[in-house]
Amino acid sequence: MRPDTVLKVRARKLWILCLLCALLPGMMASAIAAETTPPATAKSCSGGHCAQAAAKPELQAEGPVTFFSKLFDTNDYPQRWYCGTWSSDVGWLHILSDIAIFGAYFSIPVMLLYFLLQRKDLPFPRIIWLFAAFILFCGFGHLIEAGIFWWPVYRFSGLIKASTAIVSWITVFVLIRLIPEALKLPSAALLGTKLQESQERLDYALEAGQIGVWELDLKTNLLNWDRRTREMFDVHPEQTELHFEDFSKRLHPADRERVETCFNHSVDTGTPYSCEYRVIYRDGSVHYIYAQGHAVFDEIGEPKLFVGVCHDFTEQQIQKNALSESEQNYRSTFEQVAMGIAHVSPDGRWLQFNQGLCDLLGYTDQELLNQNWQDLTHPDDLEADLVQVSKLLAGEIDSYSVEKRYLTQDQAVVSTNMTVSLVRLPTGEPRHFIFLIENIQGRKEAEKALQMYHQKVKKLSLVASKTKHSVIISDAQGYIEWVNDAFTSLSGYTLNEVMEQHLCDILRGPEANSDTITSIRNSLQKKESIATEIVNYDREGREYWIELKIDPVLDDDDILLNFIATQVDVTARKQSEFALRMANSQFSKLRQADILGIMTCRFDGSVEQANDELLRILGYTADDLEAGLINCQELTPTEWQQRDQEVLQEMLETGAAKPIEKEYYRKDGSRVPVVLGMTRLDEAEDLCLCFVLDATAQKETEEKLKDAKQAAEEASRAKSDFLANMSHELRTPLNGVIGMTELLAGTNLNRQQQDFVDACRNSGESLLGLINDILDFSKIEAGKLDLDLHQFDVEKLLMDTMSTMVWRAAEKDLELPCSIDPATRLILKGDSYRLRQVLVNLVGNAIKFTETGEVSVRAEAIEQETEQITIRFTVSDTGIGISEDKLDRLFQSFTQVDASTTRNYGGSGLGLVISRNLVELMGGSIGIESQAGAGSTFWFEIPFEIISPNSVALPIRSPLAG
């Protein structure tokens, strides 16, 4: 059932129900009002009571004129308050009730009218006007009844009641006519069920058909889209207000104007709306939509709504486009392919073919339709072709390809390559053949010409392969077709690697002349011969020079067939030329040099060429050289002539002589010291190249150096002698002082006296150590400190040394552990005294700069062979340490880390220098690892000769520790 029908039925039932409910109360109210109305013949009341006539008066009619003229006349009737015995509460009960009934009866039609104005979609039957009039008359009747208590217009009241009665009976008759129709109407529940079922069927149909429903309010421009339509237009489900502009901006720009025009035309003319358009999604994809709709008009004929449906047919459109493209491609391929394509019936008739087949066979379309393929096949190829067709029809093969000949319209023979396949009906019966016919006549002729050409090339290649020079054969465009073995040997590239490369492309490398390559390319384009020399590079990047000659090869008709290029390796010649140019250039520069004298002379001493420097050295001029006045033998002093003969003999034997020092006489008779070097230029001639260096300044410098060296040696000897004598002279009384202080310390002294004696002894010992260090340093500096190599026990030496240091460590309450690697427990050969001196220096320094903790000593083997061992000695402490930026100052003479070290700890700064020199003198090395505040580790490594292993087993850890 349609929705508007349902609305009409429901509205009609509502109006009938309202009439039935309101009619009965209205009629009852009229009857009650009639009963309470006093008769027209009532007398006037006196004393507040209505006096009734004793006898019933005769009723007389007033007539309509009198009635209406006295319609509002109140003189003939008393006020109701004075008619009867009304109490105030009863009277006001009647008054208020009538007024209330009037208010209700007046409100009912007003509310109905408001409802109808708000729900314009509901039908408005004319019976409503009748019902409204009935209700209003009833209401006015009650209002007048209330007013009669003061204003007794009984004639007007009767008129209203009569009107109410007339309207009531009209309503009754109308209801009598409508009740049978109302009884036929279905119930609201049944209508709701059917409406729900209809709605479900409609929703299913819309969903199954992928149809969206939409509605546009033409007055507010608001769109109402269902879920499916929102999906079609890529609208977010939560977007509430949609306008026509939202729809328009989603359209493809090319479709927007057309769609709006179609829509406006439908609205203006009332014709159905039908349009196809494209919608652009947010991701850029395009969808195809088909929409239908129509305008809905109001009561005055103005369009108020536009409703419609839409369908997304994107998939169908894509398939349609693909099919159209496929058909277009097929047509394009069929018509434009460079071969003949035809559909042939099973009996051989041409059914359909393209223009390519017509061009191939020389027939027009109509002429070819009157032929069959058997008549156009060369007689010699027909039988073999028929055999293949029979197999194809019998289903033995699916297709076949064959080379065959056709006869054109002018009976010329054309060679083709034909592929045939069979298309069958669904029943399996043959429908038609598909012929693909390719014209290979040109290829056949080219193959024949190529065969002849290859025969010629083969003969040419046979000749070229026997030559020792590189030969290259290219086509007419310059692309390589063949190379001989000599080319591969020269360049390193095989035929397969350079095949189809251009002749200019194999000339490559950083020094290859681009101008020469361009010239070669231009000559090839002009089909001219060219000869040139160019540098090239082989496969490994090695440079070589070639003499290149390229000649064109023409046939009998002067048509270019090939280029033949020959390459002659001229690398050796080019290198010789380059070397000669370099030699000439270098010799020219040497001749111009003012640092070295250069001349060419004969074995007899005659000088043929000389540069300016040589002339300056000898004191001659260029004119003297031209006059032949310069002769090396004559300029050589007698004491040097024997040496010259030895140099000449050496040059004859080896081709060159080592430089010698000699003297020449200058032109003024003075002598000049020189350094002479000679080289023979040519073995076949006695020409020599001589280099003469003026050694005058060098000789003067040597004499000065000799004098300085002699003075330094004498000063060093004097210093050493002085230090030796002074140290001996100082140590003799100093030893006496130290001995006497030791004897004095053994006597009975009080505490203060003992401190004075200890201070003297310590100062003397410090001074004695300083003197010994200075003496050792002076010996080392003079190079006169010799090692005393002898046999010693490493472990015993280390233990003895540590025992002498125990008392110094105990004074500061330091631990003094000593660790010895078992591998070092050997009898070795070396200078144990100097080794002990180094250890004492390093351990003494460690104790001096350590306030708490320990000083540890370790000896370990780091490298050992059969007869030799290298031992690493390490002295570590937990003292003040040294910052990294000051480590390089440790091993410098008379230098300590900073001034505060000397102030706080004393010392001369010679101990580490002497230790380094002693270690290096013993063939070892010394170093340090330290960090400020974290202690230091001094180490040194010395190689020793192994004499024999020490068999005495000693503990690894020294008992002196602590």
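Helix α26 (residues 794-811) packs against helix α27 (residues 832-848) at an angle of about 30°, and their axes lie 10 Å apart. Angles under 35 degrees count as roughly parallel. So α26 is roughly parallel to α27. Their crossing is right-handed. All of this comes from a predicted model.

Which residues make the contact? From α26 come Leu 797, Leu 798, Asp 800, Thr 801, Met 802, Met 805, Arg 808 and Ala 809. From α27 come Ser 832, Leu 835, Arg 836, Leu 839, Val 840, Val 843, Gly 844 and Ile 847. By class, the contact of α26 with α27 has 10 nonpolar, 3 polar and 3 charged residues.

**Nonpolar cores**

The largest nonpolar core has 43 residues. Leu 828, Leu 835, Val 843, Ile 871, Phe 873, Phe 940 and Phe 944 have the most contacts inside it. Leu 835 and Val 843 also belong to the α27 side of the helix contact.

What does Phe 940 touch, leaving aside its neighbours within four places in sequence? Its partners include Leu 835, Val 838, Leu 839 and Leu 842. Ile 871, Arg 872 and Phe 873 are in contact with Phe 940 too, as are Val 919, Ser 925 and Ile 926.

Another core lies apart from the largest one. The two are set side by side here.

| Core | Size | Residues named |
|---|---|---|
| Largest nonpolar core | 43 residues | Those with the most contacts inside: Leu 828, Leu 835, Val 843, Ile 871, Phe 873, Phe 940, Phe 944 |
| Another core | 26 residues | Among them Ala 610, Leu 625, Tyr 664, Val 674 |

**Helix α29**

Val 919, a contact of Phe 940, is one of the buried residues of helix α29 (residues 911-921). Gly 911, Leu 912, Val 913, Ile 914, Ser 915 and Leu 918 are also buried there. Just after α29, Gly 923 takes a positive phi of about 85°.

**Leu 382**

Leu 382 sits in helix α14 (residues 379-394). Is Leu 382 buried, partly exposed or exposed? Its relative accessible area is 23%, so Leu 382 is partly exposed. Lys 404 is 22 residues from Leu 382 in sequence, and their C-alpha atoms are 8.5 Å apart.

**The whole chain**

The chain has 29 helices and 28 strands. Of its 962 residues, 35% are buried. Take the contacts between residues at least 6 apart in sequence: 55% of them join residues at least 24 apart.

Terms used
Residues are numbered from 1 along each chain as its sequence is written. This is a predicted model: local features need pLDDT of at least 70, side-chain atom pairs count only at pLDDT 80 or more; totals for chains, interfaces and linings use all residues. Side-chain values use heavy atoms; hydrogens and water are left out. Axes are lines fitted to C-alpha atoms, for helices over the stretch in contact, and angles run from 0 to 180 degrees between N-to-C directions. Helices (H or I, at least four residues) and strands (E, at least two) are DSSP runs, numbered from the N terminus. Angles under 35 degrees count as roughly parallel, over 145 as roughly antiparallel, 65 to 115 as roughly perpendicular and the rest as oblique. A crossing is left-handed if the near helix is turned anticlockwise from the far one by less than a right angle, and right-handed if clockwise. Contact means heavy atoms within 4.5 Å. Ala, Val, Leu, Ile, Met, Phe, Trp, Tyr, Cys and Pro count as nonpolar, Asp, Glu, Lys and Arg as charged, and the others, Gly among them, as polar. A nonpolar core is a set of buried Ala, Val, Leu, Ile, Met, Phe, Trp, Tyr and Cys residues joined through side-chain atoms within 4.5 Å. Buried means under 20% relative accessible area, exposed over 50%, partly exposed in between (1.4 Å probe, protein chains only).
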